[in-house]
Amino acid sequence: MSPTRTFALWILVSVSSATAFAADTKTTPSYQAAEKLLNMMSMDKLTQQSTTNMVDAMLGRLPPKAQNREALQAFFKKYVGWAALKDDFIQIYVEAFSEKELQDLIAFYKTPTGQKAITVVPSLMQKGAQIGQSRVQKHLPELLKTLGLKK
């Protein structure tokens with residue numbers, strides 16, 4: 001068998017194995033629990049809001065000629081929208097939490113406090129990010145001096 005055919009066969013087997021592994025993974029209790037948890041947390045809506053925030057932030061920094069909201073939204077949806085990230089997010093949760101811990105989180109998010117956390121935590125994270133950004137901006141001259149970019 002030629003090296004080219006051997007390589008092509010290797011690629012085919014690798015892709016098939018990865019696809020089969022991904023399909024098997026989706027049937028595990030941990031995967032299903034992580035998927036349920038992320039659905040309960042409305043990650044699709046949070047991701048959409050995050051994408052909108054990224055687009056809004058970029059629009060203000062782009063030259064007028066490049067300020068195309070629809071194109072930016074389509075790009076971000078394609079690469080960092082929920083459909084693009086869902087399996088990766090689930091895998092992150094499966095790696096971080098045991099099945100029991102995922103079930104515990106699901107139970108928590110069913111409570112009134114858990115439901116409140118779903119709606120409040122994203123805005124708290126945004127406020128925290130704004131505080132951090134403000135502090136960095138306030139001390140930017142010091143950072144630039146530290147990096148040797150300003151005297």
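**Figure 1. K86 is partly exposed, at 25% relative accessibility, and is joined to E35 by a salt bridge.** Partly exposed residues lie between buried (under 20% relative accessible area) and exposed (over 50%), using a 1.4 Å probe and protein chains only. The model is predicted, so local features require pLDDT of at least 70 and side-chain atom pairs pLDDT 80 or more, whereas totals for chains, interfaces and linings use all residues. Residues are numbered from 1 along each chain as its sequence is written, and side-chain values use heavy atoms, with hydrogens and water left out. The closest N and O atoms of K86 and E35 are 2.8 Å apart; a salt bridge is a side-chain nitrogen of Lys or Arg within 4 Å of a carboxyl oxygen of Asp or Glu. The pair connects distant parts of the chain, with K86 in helix α5 and E35 in helix α2, 51 residues apart. E35 is likewise partly exposed, with a relative accessible area of 23%.

**Figure 2. D87 and K26 meet through their side chains in a salt bridge.** The N to O distance is 3.3 Å. D87 belongs to helix α5 (residues 82–96), while K26 sits in the loop between α1 (3–25) and α2 (29–40); 61 residues separate the two, and the pair links distant parts of the chain. D87 is partly exposed, at 38% relative accessibility, and K26 is also partly exposed, with a relative accessible area of 38%.

**Figure 3. A salt bridge pairs R69 with D56.** Their side chains are 2.8 Å apart, N to O. R69 lies in helix α4 (residues 69–80) and D56 in helix α3 (residues 43–59), so that distant parts of the chain, 13 residues apart, are linked. R69 is partly exposed at 31% relative accessibility, as is D56, whose relative accessible area is 37%. The structure holds four salt bridges.

**Figure 4. Helices α2 and α5 pack with their axes 9 Å apart.** The angle between them is about 120 degrees; axes are lines fitted to C-alpha atoms, for helices over the stretch in contact, and angles run from 0 to 180 degrees between N-to-C directions. This angle makes α2 oblique to α5. Angles under 35 degrees count as roughly parallel, over 145 as roughly antiparallel, 65 to 115 as roughly perpendicular, and the rest as oblique. S30, Y31, A34, E35, L37 and L38 of α2 make contact (heavy atoms within 4.5 Å) with W82, K86, D87, F89, I90, Y93 and V94 of α5. The crossing of the two helices is right-handed. A crossing is right-handed if the near helix is turned clockwise from the far one by less than a right angle, and left-handed if anticlockwise.

**Figure 5. Helix α2 also packs against helix α6 (residues 99–110).** The axes of α2 and α6 are 9 Å apart and meet at an angle of about 25 degrees, which makes α2 roughly parallel to α6. The crossing of α2 and α6 is left-handed. On α2 the contact residues are P29, S30, A33, A34, K36, L37 and M40; on α6 they are E99, L102, Q103, L105, I106, Y109 and K110.

**Figure 6. The protein as a whole has eight helices and zero strands.** Helices (H or I, at least four residues) and strands (E, at least two) are DSSP runs, numbered from the N terminus. Of the 151 residues, 18% count as buried. Among contacts with a separation of 6 or more, 64% involve residues 24 or more positions apart.
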